[in-house]
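Here is a set of questions about how the descriptions of a structure follow from its coordinates. Each answer sets a value against the criterion it has to meet.

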Amino acid sequence: MLAFIIRRMVQALLVMIVVALIAFTLFRFVGDPVNQMVGIETSAQERELLRQQLGLNDPVVVQFIHFIWSAVHFDFGASYQFKQPVIDLIADRFPATMELSVVSALFSLVFGIPMGVYAALHRNSWLSRFFLTVSLVGISLPTFLTGILLIFLFAVSLHWLPSFGRGDVVALGFWTTGLLTKSGLKALVLPGITLGLFQLALIMRLVRSEMIEVLRTDYIKFARARGLPDRIVYFGHALKNTLVPVMTIAGLQLGSIIAFAIITETVFQWPGMGLLFLKAVQNADIPIMSAYLLLVAFIFVTINLIVDLLYAAVDPRIRIDLRQA
Amino acid sequence: MKFRTAILAVGLALAFWAGPASATVTFKFAFQGDLKSLDPYSLNETFTHGVLGNVYEGLTKRGKDLKIIPGLAESWEVIEPTRWRFHLRKGVKFHDGQDFTADDVVFSADRARGPSSDVKTRLPADAKVVKVDDYTVDFILSGPNPILNAEWDTWYIMSKKWCEEHNSLTAQPQAGQQMNFAALHANGTGPFIITEHQAGVRTLFKRNPKWWGKLESNFDEVIFTTISNDATRVAALLSGDVDWADPIPLQDIPRVNASGTAKVLQGPELRTIFLGFDQYRPELRYSNIKGKNPFKDARVREAFYLAIDEKAIADKVMRGAAVPSALMISPLLFDLSKDFVRPAYDPEKAKKLLADAGYPSGFEVTMDCPNDRYVNDEAICQAVVAMLARVNVKIDLLAQPKAKYFSKVLVSGGYDTSFYLLGWTPGSFDSWNILANMYRCRDEKGVGGNNNLGNYCDPKVEELTNQVLVEGDKAKRDQLIKQAYEIGQVRDWAYVPLHQQALAWGVSNKVKVVQRPDNQILFYWFRKE
Amino acid sequence: MSAEQGASLSLTPRRRWLSRLLDSDIAFSFWQSKLTVFAAAVALVIVLGAMLAPWIAPQNPFDLKTLCLLNSHVPPAWQKGGDLHFLLGTDDQGRDVLSTILYGSRLSLAIGIMSVAFAAVLGITLGLIAGYAGGSVDALIMRAADVQLTFPAILIALLIDGTAHALFGQYRDESATIWVLVLSVGLSFWVQYARTVRGLTFVERNKDYVLAARLIGIRPGLILVRHILPNVIGPVLVIVTINLALAIILEATLSFLGVGLSPTQPSLGTMIRIGNNFLFAGEWWIAIFPGITLAALALSVNLLGDWLRDALNPKLR
């Protein structure tokens, strides 16, 4: 078991190093950092001095190590657009994105799982078919289209919900949250639904197909044959086994949500990391791009690692395999 | 007991829920771009100047009718043609508490003309600024200059002590990594104080209770947010999330006006949108013609001019919110502009001219265009591309956000363009600004016609420009200006002026605003009912 | 040998294959499900429209000479102010919406198909190699896959696109944008193919017929292509259909965000971005019709994928 953990952690570290390599290449070799920093009046001598100061003449390996060292200390240089340290810009926007992502993930789970269970248990009812249609639409509609339609309906036509921004936020230490204010909560609704719809559809379909499979298995048949009431059969046995793969996938999808937040944040002008990243791509602001890459990779790798470890802890089959291995 | 506690609980809950009891008047406004820097010398951009004009002040300002009025200088006199004396206002304090004195004026004059400042042209480079006493400053010029303070409403006075203390002796450069304190914090003398600034997201202003003047506005606080997405911005205005939004896309104007919550103010703007050519390099950088530069031939420039149906652009792309222009300056600012007529759309003649110049089957060239700076800029460029395609000129359109665009085509990018779209408002509301910036020759470093990106150069126009600067008699001066335009525009087709765009301020019905044609948002004149 | 056997043996191999297909369970389940037939019909209409665009479209919106600004903002033909020449109306530059949908679908489909093909070829190749060779080659490829799997497709696509912008921004021309998009979208999706094929190859590798082939001395490459590949195609097809819808949506998203195709060469996503600006102003046709097309395309491809997955899944038969 311990060997398994260590192996997974080494794997995670390897992934991070590869990503760091990519981020470094981006940072150093795409565009000329010096040209980005100085005006046209600067002489060639001054540029050379600047190169020296920034360490751009050192061997590439040394530069790479320096890059990683700085990254570990959260120093990603300064943005070309805003002339501020990248880490400040990202830290400012991090709570916004995380809140939105977690809210959408919860939304997709809280609605997706029951919908999936219902659709599995009552396969031919009209409500099931309706849910399936919703899920199909959820997977097929691009996120931006959903967002636009929701804004048009709820913000512009009905005036029920705000069309942009986070509303009023409350600062708790270094974190800012919109969950404690009325306007903050209202502002979370439309972006949360937009971002979560795809995941909802995915989870619903997954739960449904997993549950259908589980319901065919022998042990469920035996449980029914024993005369156990439906409720216990479905929720006590079937659901538990369905949920394990579902939860792992849902966990892995959290990373995907953070990435899709880029689109949602653009449509709703949500001041998060995604919008920052997109503007950086449009403006070729390399420091932000490479910092975002590293940060997001770190989050993903961590989530994957935790999910893998949890999965191993929860699923007895894997534990047995590991002991034998 | 339980009942009473319940009532108390409900009462407290209601109190919280009812929100703050004060009557703070808050003004929320949104713009399509960011307030990238709070350093008033770092970027010569209308929006930045306008917003900072509520926080910083110049020696003189302009009133609601654009006439020059006293600012930090109570009065001034021209002692000799080359010596102007300004009497400074006493008892004015900067937001950090320091007194405003002549030292700050001298310091600001040097800083504005210093390295990496983008407002160098506010003062003549060789003018000497001399402190006479704590509240009197002299400007000693090398030659007479009747419009010395014409652009001072956007030359803001900064505190010498504050800049020294915070290591901000030079302006924040456009392309640069140094994080200048002045770019992130503001310390002016004006009616509003910046209390919070998140670049690219929002900025918070609070009323300055110690301001020396009488504040017309009744705002206690002002919140600025950037909303780059057009639809979101309009939605925010209509739902009341913001009180003022700019620009309102032209196609949404009828909807906003019909909404009952807001309306659109469409006064004339002084900005001229135009196309320019690289007329200087021996070979164009971004074209398929090698060995020569097609734009050096006036016939090619004329062909481009005639190939573009400006009326269609004004009607369809700008939906009537544009006035086709024959000159690079608004007719509001030049009395003799009625003597100039805009040549009519004539694609056949354009094709003939191209053939005569040696390009019977046209040629290819890349066009640089911003996509978030001027009203419908990218749409105008697309229309231009389609029209030029009809005369066999194939345009490869490179539309970029303004930060990237400006860092490419302006002096900081080495004027790296072959064919471009640009907009220009003469900050002094006078033709000399146009001639000096657009028609004068320049060198690689931008000395001379700093914004003459294509480097149109004619010695006679150069000479006329210099004469215009010093000529005191208005009638004679206008004639000189007319001559310069006749050579530069009519004979030489130096540029393709398209139109002056109209402003499109979306304003909540609860707010009374003042809209000047220079599009500066000076909310110290606004009031909220 | 009976008469029937003789008869069936006389059919040529290709016709035998075709009649086997038409009589098979898969075809049966296809015609059974009305929804699937409907989805296939919709997809077919869009694909045919896209392929035949140069012949059936009233206007070629990519040829800038044919655009006339005076024809811009025309509503659909059945509304007041509409024009029969422009059945679905025109956009802000005078492009006929119907024509642009046809040509734009062409681009969207082309990019979608090319990127899926690229992803599939890359993924299958790497999967086959990894599964067959095993050992360190397998480990290397799978590590690369792991690294990539940590990132959602959109992030990878944005990164590649953004880097291309930064590197070649000044010198790009319009056809380059298409290749960059194919590369970005394709590189985001190869991993699924690789993993599936690798797993299946592992299983097939140990089967008797492969061992027999190896004994005879047939080259590994030949074994992979002639023997193993046909057996792993089934699941791959399912992935392809899911992927295709995702690829089309991804390209549309990139174009919507402004880092995809430009307005002079619009795809469905670009049109929606342009149309979005006019949606609330009442000129809904510029965004809604391409939006419906995009949604219909993605939906029908998804439905087909669903059906294919159910049909090929032995457990559900």
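Q: Why are α10(A) and α11(A) called roughly perpendicular to each other?
A: In this predicted model, helix α10 (residues 230-268) of chain A and helix α11 (residues 273-283) of chain A pack with an angle of about 90 degrees between them and with their axes 7 Å apart. Angles from 65 to 115 degrees count as roughly perpendicular, and α10(A) and α11(A) are therefore placed in that class.

Q: What makes up the contact of α10(A) with α11(A), by residue and by class?
A: From α10(A) come A:Ala261, A:Ile262, A:Glu265 and A:Thr266, which meet A:Gly274, A:Leu275, A:Phe277 and A:Leu278 of α11(A). Sorted by class, this contact has five nonpolar, two polar and one charged residues.

Q: How many residues of chain A and of chain C are in contact, and which helices of chain A take part?
A: The contact joins 37 residues of chain A to 34 residues of chain C. On the chain A side, α1 (2-29), α6 (126-140), α7 (143-157), α10, α11 and α12 (286-314) each supply at least two residues, and the largest share, eight residues, comes from α12(A). The residues of this side divide into 29 nonpolar, eight polar and no charged.

Q: What does the side of chain B that touches chain C have, by class?
A: Here 21 residues of chain B are in contact with 22 residues of chain C. The chain B side has 12 nonpolar, two polar and seven charged residues. Its contributors of at least two residues each include α6 (230-238), α9 (310-317), α11 and β16 (394-400) of chain B, with the largest share, seven residues, coming from α11(B).

Q: What makes helix α8 of chain B mostly covered, and what covers its buried residues?
A: A residue is buried if 20 or more other C-beta atoms lie within 10 Å of its own, and eight of the 10 residues of α8 (residues 298-307) of chain B are buried. These are B:Val300, B:Arg301, B:Glu302, B:Ala303, B:Phe304, B:Tyr305, B:Leu306 and B:Ala307. The elements that cover them include β13 (268-277), α10 (347-356), α11 (377-390) and β18 (495-502) of chain B.

Q: How do you know that β13(B) is mostly covered, and to which strands do bridges join β13(B)?
A: Of the 10 residues in β13(B), nine are buried, and on that count the strand is described as mostly covered. Two strands pair if at least two bridges are found between them; six bridges join β13(B) to β18(B), and the two run antiparallel. Between β13(B) and strand β17 (residues 419-424) of chain B there are also six bridges, again in the antiparallel sense. Within these pairings, B:Phe274 has B:Pro497 of β18(B) as its bridge partner, while B:Ile273 stands opposite B:Gly423 in β17(B).

Q: Why are β4 and β6 of chain B said to stand at the edges?
A: The open sheet has four strands in the order β4-β5-β7-β6 (chain B), with antiparallel pairing. β4 (73-80) and β6 (128-133) each have a single partner strand, so one side of each is left without a neighbour in the sheet. The twist from one strand to the next averages 25 degrees.

Q: What makes β5 and β7 of chain B a pair, and which helix lies across them?
A: Strand β5 (residues 83-88) and strand β7 (residues 136-140) of chain B are joined over five bridges in the antiparallel sense, against the requirement of at least two. In this pairing B:Arg85 stands opposite B:Asp138 of β7(B). Helix α3 (residues 102-112) of chain B lies across β5, β6 and β7 and runs at about 175 degrees to β6(B).

Q: Why does B:Pro517 count as partly exposed?
A: B:Pro517 has 19 C-beta neighbours inside 10 Å, whereas a residue is buried at 20 or more and exposed at 12 or fewer; the count falls in between, and B:Pro517 is therefore partly exposed. This residue is found in the loop between β20 (511-512) and β21 (527-528) of chain B. Leaving aside residues up to four places away in sequence, B:Pro517 touches B:Gly267, B:Pro268, B:Glu269, B:Leu270 and B:Leu332.

Definitions and conventions. Residues numbered from 1 in each chain as written. Chains lettered and ligands numbered in written order. Predicted model: local features only at pLDDT ≥ 70, side-chain atom pairs only at ≥ 80, totals over all residues. Axes fitted to C-alpha atoms, helices over the stretch in contact; angles between N-to-C directions. Parallel < 35°, antiparallel > 145°, perpendicular 65-115°, else oblique. Contact = placed C-beta atoms within 7 Å. Nonpolar A, V, L, I, M, F, W, Y, C, P; charged D, E, K, R; others polar.
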